[in-house]
Amino acid sequence: MRTVLLGGGVAGLFFANLFDGELLIIEKNDSAGRKLLATGNGRCNFTNLNLKLNNYHSTGGEFYKYALEKYDNQDLISFLNGLGILTTHLPSGRCYPQTLSSKTIRDILLLNSKAKFMYETEVIDIDFENRLLITNKAKIPFDRLIIATGGMSLKGSGSDGKIFEIIKDKHKVTRLSYAITNYKTENPLSKKAKGVRVTAKASLFVDGNLLKESTDDIIFQSYGLTGTAILDLSNHISYALFGKRDIWVSIDLLEDYSEGKLFEIIKNLSKNNPERTIEEILMGFLNKKLIEDILKRVKLKSKTWVKNLRDDDIRKLIKTIKNLRFKIIAINDEENAQVTIGGVDTSLVDDKTFESKIIPALYFIGEVLDVDGDCGGYNIQWAYSSAKACAKNLSRVKRGEFNVKDK
């Protein structure tokens with residue numbers, strides 16, 4: 001029985017290591033795992049110690065529950081350790097190879113794989129009735145087909161979303177968008193603040209309700225916001241943009257200091273340094289490139305002497321520092337988004353075997369499905385969990401061990 005897999009990305013490479021039968025992998029690039037090399041800024045954040053189901057999203061409910069609970073983060077860590085890949089993690093829970101290099105994981109997955117690869121081969125169409133792949137090189141027959149082509153994020157890596165056009169008339173595809181990316185705001189900071197990076201708490205409010213918070217790097221840009229904390233909120237932001245909701249991000253630039261404590265500090269500094277300007281006082285609080293923008297938001301001139309500040313002025317200034325608000329209006333960078341929102345409708349896919357419910361011998365794994373994880377290693381974890389569930393099922397079928405009760 002000929003098993004063919006489309007896509008030599010992370011899900012495909014995991015499957016190639018977990019499946020115990022003969023496998024042909026069709027890959028449009030001249031090498032496998034190109035997108036994997038870019039993950040985690042090249043360090044490969046492959047899972048997270050804080051793995052929870054609420055880190056995942058799908059319009060099909062908790063389709064991901066079975067695979068993630070059965071083949072969880074510890075299972076993935078053990079799998080990599082078994083291949084000789086030592087692992088480490090940050091206090092945040094993000095897990096990486098000990099080498100802090102995505103190439104380590106890509107190369108060892110390739111080294112361990114017994115699959116045959118057909119590179120620079122692009123699928124143009126699929127004849128499901130006759131089980132035939134039509135590619136730019138040849139017509140390739142299959143008995144079982146696993147689609148692991150990814151979504152439409154990082155198109156330069158090969159996941160350009162063309163598979164959705166090929167299958168959409170035969171298999172429902174949900175609405176598509178991008179996440180783990182950066183966003184345009186209605187009220188960005190000035191060009192003077194462009195590129196300033198701070199560690200701060202970002203809080204996401206949708207229709208006035210607090211949805212999620214993240215404390216990490218935030219980078220101010222002329223278009224709006226980016227940085228790890230924004231990427232942590234990204235999936236929720238993109239879903240809210242789908243619904244044309246009212247979306248605000250509030251940034252607390254001094255999370256470790258309460259408003260009361262800051263008021264006390266500024267009053268003492270004013271008392272001891274009455275001839276200093278408010279700009280000079282804030283130089284010890286904030287990046288100098290941010291001060292002018294913040295003062296403009298409270299309508300204070302940077303050269304105002306602190307001795308002339310009213311208590312109300314100080315309180316307004318502190319509230320702005322602790323609640324610097326930005327209205328999110330659009331995704332800024334689709335081209336470099338790290339994950340796709342939407343994909344193959346999971347209501348038409350078995351959550352334990354990953355076989356299509358409407359086309360026999362057709363399977364979907366990884367990002368091509370309508371499942372997306374938060375920033376922090378959750379999407380590579382999904383690639384592994386879905387690949388292992390599918391591979392284990394097909395291996396049992398091969399050995400004649402599969403029983404409907406296993407489902």
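In this predicted model, helix α8 (residues 259–272) packs against helix α11 (residues 311–322) at an angle of about 130°, and their axes lie 10 Å apart. Because angles from 65 to 115 degrees count as roughly perpendicular and those over 145 as roughly antiparallel, α8 is oblique to α11. The crossing of these two helices, α8 and α11, is right-handed.

**Contact between α8 and α11**

- From α8, the residues that make the contact are Glu259, Leu262, Phe263, Ile266 and Lys267.
- From α11, the contact is made by Asp311, Ile314, Arg315, Ile318, Lys319 and Lys322.
- Sorted by class, the contact of α8 with α11 has 5 nonpolar and 6 charged residues, with no polar residues.

**Secondary structure and dimensions**

- Helices number 12 in the protein chain, and strands number 21.
- The C-alpha trace of the protein chain spans about 85 × 40 × 40 Å along its principal axes.

**Burial and surface**

- The protein chain has 407 residues, of which 53% count as buried.

**Contacts along the sequence**

- Taking contacts in the protein chain between residues at least 6 apart in sequence, 72% join residues at least 24 apart.

Notes: Residues numbered from 1 in each chain as written. Predicted model: local features only at pLDDT ≥ 70, side-chain atom pairs only at ≥ 80, totals over all residues. Heavy atoms only, no water. Axes fitted to C-alpha atoms, helices over the stretch in contact; angles between N-to-C directions. Helix = DSSP H or I, 4+ residues; strand = E, 2+ residues; numbered from the N terminus. Parallel < 35°, antiparallel > 145°, perpendicular 65-115°, else oblique. Left-handed = near helix turned anticlockwise from the far one by under 90°. Contact = heavy atoms within 4.5 Å. Nonpolar A, V, L, I, M, F, W, Y, C, P; charged D, E, K, R; others polar. Buried < 20%, exposed > 50% of the residue type's maximum accessible area, 1.4 Å probe, protein only.
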